[in-house]
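Here are some notes from my read-through, written as numbered points. Have the structure open beside you as you go.

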Amino acid sequence: MLLVVLAVAGYSGTLGNQFVFDDRAVIPGDSTVPTLHSLPSLLVAPYWTGEGRANRLYRPLTSVSFALNEILGGARPWSFHLVNLLLHALVSVM
């Protein structure tokens with residue numbers, strides 16, 4: 001329980017922050033809102049798109065989690081930060 005409290009305490013300050021650095025390029029936002037039907041295509045798509053260069057990064061779990069987060073919570077930064085906080089707490093306990 002102490003690990004969960006420490007994880008929440010350490011990351012709760014991020015909930016009010018905006019997207020930074022590569023978040024704007026990786027999280028689609030309003031231009032290409034994912035749907036449940038588009039999730040399978042993320043299993044074969046590159047992680048980083050829109051740069052105009054070849055990309056070898058393959059992170060399907062990250063891409064699907066971002067899409068699900070956006071489907072359920074919209075492209076609002078606080079929802080992505082909340083999911084990160086909860087995942088960090090879960091991994092700390094594990």
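1. Let me start with confidence, as this is a predicted model. Helix H2 (residues 23–26) has the lowest mean pLDDT among the elements of the chain, at 72, while H5 has the highest, at 87. Over the whole chain the average pLDDT is 79, and 84% of the residues score at least 70.

2. Next, the overall layout. The chain holds five helices and zero strands, so from the N terminus on, the elements read α-α-α-α-α. Of its 94 residues, 23% count as buried. Taking contacts between residues at least 6 apart in sequence, 60% join residues at least 24 apart. The accessible surface comes to about 6,700 Å², and carbon and sulfur atoms account for 67% of that.

3. Helix H5 deserves a careful look. H5 has 17 residues, which should span 24 Å at 1.5 Å a residue; the end C-alpha atoms are 25 Å apart, so the two values agree. Which residues of H5 are buried? They are Pro-77, Ser-79, Phe-80, His-81, Leu-85 and Ala-89. The cover over these buried residues includes H1 and H4.

4. Helix H4 covers residues 60–73. Its 14 residues reach 19 Å from the first C-alpha to the last, close to the 20 Å expected at 1.5 Å a residue. The buried residues of H4 are Pro-60, Ser-63, Val-64, Ala-67, Asn-69, Glu-70 and Gly-73. Helix H3 (39–42) and helix H5 (77–93) are among what covers them. Just after H4 comes Gly-74, with a positive phi of about 75°.

5. Now for the aromatic side chains. How many aromatic pairs does a search of the whole structure find? It finds two. In one of them, the rings of Phe-19 and Phe-80 have their centres 5.5 Å apart and their planes at 75°, so this pair is edge-to-face. The pair links distant parts of the chain: Phe-19 sits in the loop between helix H1 (2–11) and H2, Phe-80 sits in helix H5, and the two are 61 residues apart. Both Phe-19 and Phe-80 are buried.

6. The other pair brings in H4. The rings of Phe-66 and Phe-80 have their centres 6.0 Å apart and their planes at 70°; because planes over 60 degrees apart count as edge-to-face, this pair is edge-to-face. Phe-66 in helix H4 and Phe-80 in helix H5 are 14 residues apart, and their pair also links distant parts of the chain. Phe-19, Phe-66 and Phe-80 together form one aromatic cluster. Phe-80 has a relative accessibility of 4%, so it counts as buried.

7. Is Asn-69 buried or exposed? Its relative accessible area is 9%, so Asn-69 is buried. The side chains of Asn-69 and Ser-79 are joined by a polar contact of 3.1 Å. Not counting residues up to four places away in sequence, Asn-69 touches Gly-74, Ser-79, Phe-80 and Val-83. Phe-80, a member of the aromatic cluster, is thus one of the residues that Asn-69 touches.

8. Leu-15 is worth a look too, in the loop between H1 and H2. With a relative accessible area of 31%, Leu-15 is partly exposed.

9. My last point concerns Val-91, found in helix H5. With a relative accessible area of 57%, Val-91 is exposed. The C-alpha atoms of Val-91 and Ala-7 are separated by 9.6 Å, and these residues are 84 apart along the chain.

Definitions and conventions. Residues are numbered from 1 along each chain as its sequence is written. This is a predicted model: local features need pLDDT of at least 70, side-chain atom pairs count only at pLDDT 80 or more; totals for chains, interfaces and linings use all residues. Side-chain values use heavy atoms; hydrogens and water are left out. Helices (H or I, at least four residues) and strands (E, at least two) are DSSP runs, numbered from the N terminus. The expected span of a helix is 1.5 Å times one less than its number of residues. Buried means under 20% relative accessible area, exposed over 50%, partly exposed in between (1.4 Å probe, protein chains only). Contact means heavy atoms within 4.5 Å. A polar contact is a pair of N or O atoms within 3.5 Å; within protein, one must be able to donate a hydrogen and the other to accept it, and residues adjacent in sequence count only if both atoms are side-chain atoms. Accessible areas come from the Shrake-Rupley method with a 1.4 Å probe; for residues, only the protein chains shown count as cover. pLDDT is the predictor's confidence in each residue, from 0 to 100. Rings of Phe, Tyr and Trp (its six-membered ring) pair if their centres lie within 6.5 Å; planes under 30 degrees apart count as stacked, over 60 as edge-to-face and the rest as tilted.
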